[in-house]
Amino acid sequence: MTNQLAQIKLFYQDNLIIKNDNNDLRDSLNIEDAEILFNIGLPNSTELDFKFTKETNYLNNNELILDDSENGKIIYNITNHHVYLFFPSNKKKIILNVGLFQFLFSIYYYELFLNNWKNDKKNRAHYFDDFEQKMNILNNHFQSLDYYWEAIINELSPICIQTPHKKN
């Protein structure tokens with residue numbers, strides 16, 4: 001895990017948002033989650049519209065708000081370890097990941113894919129295949145129809161498959 005998290009730090013450099021230390025929260029987390037929130041951080045993402053904050057705010061006793069934007073909140077359920085989008089307007093929840101490690105690496109793999117996509121037009125299908133494979137390994141349960149990452153992969157799939165055949 002340490003080498004993988006070092007990879008994240010190298011990729012994002014100073015763009016990781018580390019939560020303000022909170023002993024009560026730290027005590028309620030497993031070691032991996034505490035490491036991510038208090039030492040590594042979560043990356044803001046303009047592509048995904050994720051804007052994390054340093055503050056510690058709760059939706060209720062066991063749900064930590066990671067991102068509190070206008071359109072929706074990213075919530076981490078400390079008890080069942082689910083990270084999900086919550087839309088207050090209609091009370092809908094969309095699961096993002098199980099655990100902060102999965103969540104952090106899903107963002108990383110997506111943004112790595114986008115970097116490669118933008119910088120190498122000839123190998124876009126390869127980068128998509130690599131992204132899809134990494135996401136399938138990382139998120140080994142893509143069953144839910146409203147699963148966020150599955151929807152992104154399904155949306156990108158036709159674009160990426162067609163791209164190599166287009167002429168500039």
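**The antiparallel sheet**

Reply: Strand E4 and strand E5 (residues 73–77) run antiparallel and are joined by five bridges. Strands here are DSSP runs of E with at least two residues, helices are runs of H or I with at least four, and both are numbered from the N terminus. Two strands count as paired if DSSP finds at least two bridges between them. The model is a predicted one, in which local features need pLDDT of at least 70 and side-chain atom pairs count only at pLDDT 80 or more, while totals for chains, interfaces and linings use all residues. Residues are numbered from 1 along each chain as its sequence is written, and side-chain values use heavy atoms, with hydrogens and water left out.

Two residues separate E3 from E4, and the two strands make a hairpin.

On the E5 side, E5 and E6 are antiparallel and joined by four bridges. Lys73 has Phe86 of E6 as its bridge partner. These two strands also form a hairpin, this one with four residues between them. His81 sits in the loop between E5 and strand E6 (82–87). Its phi is positive, about 65 degrees, although His81 is not a glycine. Most residues other than glycine have a negative phi. His81 is partly exposed, with a relative accessible area of 28%; on this scale buried means under 20%, exposed means over 50%, and partly exposed lies in between, using a 1.4 Å probe and protein chains only.

Next comes the pairing of E6 with E7, antiparallel over six bridges. Here Leu85 stands opposite Ile94 of E7. E6 and E7 make a hairpin with four residues between them, and Lys91 in that turn has a positive phi of about 65 degrees.

Put together, the strands make an open sheet of five in the order E3-E4-E5-E6-E7, with antiparallel pairing. E3 and strand E7 (92–98) are the edge strands; each has a single partner strand, so one side of each has no neighbour in the sheet. Neighbouring strands of this sheet are turned against each other by 35 degrees on average, direction ignored. For such angles, axes are lines fitted to C-alpha atoms, for helices over the stretch in contact, and angles run from 0 to 180 degrees between N-to-C directions.

Gln13 lies in the loop between helix H1 (2–12) and strand E1 (16–17). Gln13 is not a glycine, yet its phi is positive, about 50 degrees. With a relative accessible area of 60%, Gln13 is exposed, whereas His81 is partly exposed at 28%.
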